[in-house]
Amino acid sequence: MSSSDEDVLRFIAASFPSVWALELLLLLKSERRVWEREELIATLRASDLVVSRALDALVSAGLATLEDKGAAYLPVNRDVEACVEQVDNLYRTRPNSVRRVIVSAGTSSANAFADAFKLRRDTGD
């Protein structure tokens, strides 16, 4: 794996909370237009909740925009757009690697969140 691939994998881990979010971004990117929410739900065969959460994540990451009639692919700048191109290429050639990165990043975040609420015994008592 090249250092460029490693950079792309880090971008993936930081930008996509789920494989749904990546699939949604690639759909938006495939036809650069405003997609109505119902279209996204039907095309992805996902629930409204899944699409809403994925859209929120993509907007927060500077990858998409929400408009009155729906959502559209809109990277915040050309560097981000270039990263998305690399993500698209990597996902086409090594989808399992990309999926593993997304899932492991989500697992790490969930574990860190859960660890914050663990009760610890104070040894000083």
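This briefing describes helix packing and the nonpolar core of the structure above. The model is predicted, so local features need pLDDT of at least 70 and side-chain atom pairs count only at pLDDT 80 or more, while totals for chains, interfaces and linings use all residues. Residues are numbered from 1 along each chain as its sequence is written, and side-chain values use heavy atoms, with hydrogens and water left out.

**Helices 2 and 3**
- Helix 2 (residues 19-30) packs against helix 3 (residues 37-44) at an angle of about 115°, and their axes are 11 Å apart.
- Axes are lines fitted to C-alpha atoms over the stretch in contact, and angles run from 0 to 180 degrees between N-to-C directions.
- Helices are DSSP runs (H or I, at least four residues) and strands likewise (E, at least two), numbered from the N terminus.
- Trp 20, Glu 23, Leu 24, Leu 27 and Leu 28 of helix 2 meet Leu 40, Thr 43 and Leu 44 of helix 3, where contact means heavy atoms within 4.5 Å.

**Helix 4**
- Helix 4 (residues 48-60) has Val 51, Ser 52, Ala 54, Leu 55, Ala 57 and Leu 58 buried, that is, under 20% relative accessible area with a 1.4 Å probe, protein chains only.
- The cover over these buried residues includes helix 2, helix 3, strand 1 (64-67) and strand 2 (70-73).

**Nonpolar core**
- The largest nonpolar core has 32 residues, and Ile 12, Phe 16, Leu 28, Leu 40 and Leu 58 have the most contacts inside it.
- Such a core is a set of buried Ala, Val, Leu, Ile, Met, Phe, Trp, Tyr and Cys residues joined through side-chain atoms within 4.5 Å.
- Helix 2 gives the most to this core, with seven residues.

Terms used:
Buried means under 20% relative accessible area, exposed over 50%, partly exposed in between (1.4 Å probe, protein chains only).
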